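Visitor: I have a new model open and would like to learn how to read it. Could you walk me through some features, with the general idea before each case?

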Amino acid sequence: MPPFELTSIGDYLHQVIRDKRIKVQELSQYGFSKTKVYRMYDDDASFRVNDLLTLMPHLGLMPGDLDAVVPQFNDATYRVKYNLQFVAETFIPTAVAQAKMRYDETGHLGFLEQWLELRMIIGSRLDGRWYASEEAKSLGQQAQRLLQSMDTWHDSEFRILKLAWMAVDSVAGVHMMVNMTHANDVDNILQRTYANRVVEGVEYAIFKAMFEGNQELLDALLQVAFEEQKRDDKALKYASWRWRFLMYENYRTYFTNPEEAVGHFVDFFADYDELVGEFEITDKYKTLFNAMWREHLAKK
């Protein structure tokens with residue numbers, strides 16, 4: 001642990017390079033000009049994950065070294081930028097306002113993406129029915145237009161992919177999003193943990209279809225998820241992804257037997273809490289399934 005206060009990854013890299021007496025000019029052979037290195041010190045948005053992974057071995061750093069220092073960053077907004085799902089409820093309104101202000105000031109798309117993701121988190125935490133709301137549809141359309149306008153997606157763009165999928169309202173739209181996701185899923189190997197972009201991306205759109213009573217859309221979303229399982233040989237190698245497909249199997253029965261489906265959801269996450277202890281993750285699903293149950297009772 002460094003004995004000093006840090007504000008960003010760039011600040012940390014600066015300290016490492018200085019402490020190890022590495023000359024900035026030495027990094028040019030790895031594709032890092034003097035200008036690029038100094039820009040990294042001042043602005044984390046100026047480098048990508050693949051830049052970081054290229055540079056780290058030459059600085060003697062492992063991913064665990066970054067894991068150790070990120071929680072030490074003294075800028076709360078920086079922590080929010082990379083861990084939005086764990087933002088404290090009291091800080092979210094401030095984070096939303098700051099992200100919007102920074103985007104208006106700089107035009108940097110990273111701040112727009114941060115604003116979109118935070119709005120999505122706020123809505124889904126407060127109300128399980130949010131996935132079928134007009135706000136969700138509007139934010140989804142903004143996210144989809146943003147992704148369509150970009151030639152290349154990086155890891156930051158995939159953070160709003162679930163939101164962009166929520167703009168889909170037809171079977172043709174489902175296949176358009178699958179093709180767009182595949183065309184841009186070039187950095188999958190650079191993730192810290194395995195994720196299938198399509199399988200993960202359709203999740204919120206599935207919730208939307210269930211609340212809207214759109215069985216055709218639900219069936220199409222689940223179909224592409226299971227097709228992805230067949231084409232991706234890693235999809236069932238990890239327990240968390242096998243569990244994901246078990247959930248999707250339950251979603252298939254929602255329209256034919258909602259009482260049984262919701263019962264399976266409740267049991268599934270009770271087991272998940274017991275085995276894993278990830279209460280922050282399961283709380284949002286409990287909010288969702290409680291709303292589904294209330295909706296079902298209201299229709300009886």
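**Reading the model**

Guide: Let us begin with a helix: the buried residues of helix 2 (residues 34–42) are Val37, Met40 and Tyr41. Around the axis they span an arc of only 105 degrees, which places them on the same side of helix 2. Thr35 and Asp42, on the other side of helix 2, are exposed. Here buried means under 20% relative accessible area, exposed over 50%, and partly exposed in between (1.4 Å probe, protein chains only). The arc is taken from the directions from the helix axis to the C-beta atoms, and helices (H or I, at least four residues) and strands (E, at least two) are DSSP runs numbered from the N terminus.

Visitor: Why do residues three or four places apart point the same way in an α-helix?

Guide: An α-helix has 3.6 residues a turn, so residues at that spacing face the same way.

Visitor: What should I keep in mind about the source of the coordinates?

Guide: This is a predicted model, where local features need pLDDT of at least 70 and side-chain atom pairs count only at pLDDT 80 or more, while totals for chains, interfaces and linings use all residues. Residues are numbered from 1 along each chain as its sequence is written, and side-chain values use heavy atoms, with hydrogens and water left out.

Visitor: How many helices and strands does the protein chain have?

Guide: The protein chain has 17 helices and zero strands. Of its 300 residues, 44% count as buried. For contacts (heavy atoms within 4.5 Å), take those in the chain with a separation of 6 or more: 65% of them are between residues 24 or more positions apart.

Visitor: How do I read aromatic pairs?

Guide: Rings of Phe, Tyr and Trp (its six-membered ring) pair if their centres lie within 6.5 Å; planes under 30 degrees apart count as stacked, over 60 as edge-to-face and the rest as tilted. A search of the whole structure gives eleven aromatic pairs. The rings of Trp130 and Tyr131 have centres 5.7 Å apart and planes at 75 degrees, so this pair is edge-to-face. Both Trp130 and Tyr131 are buried. Tyr251 and Phe265 also make an edge-to-face pair, 5.2 Å centre to centre with 65 degrees between the planes. Tyr251 belongs to helix 15 (residues 239–252) and Phe265 to helix 16 (residues 258–276), so the pair ties together parts 14 residues apart in sequence. Tyr251 is buried at 0% relative accessible area, and Phe265 is buried at 2%.

Visitor: Which residues form one aromatic cluster?

Guide: The cluster is made of Trp130, Tyr131, Tyr204, Phe207, Phe226, Phe245, Tyr248, Tyr251 and Phe265.

Visitor: Is Glu117 buried or exposed?

Guide: Glu117, in helix 7 (residues 109–126), is buried, with 8% relative accessibility. Its side chain makes a polar contact of 2.9 Å with that of Arg159. Such a contact is a pair of N or O atoms within 3.5 Å; within protein, one must be able to donate a hydrogen and the other to accept it, and residues adjacent in sequence count only if both atoms are side-chain atoms.
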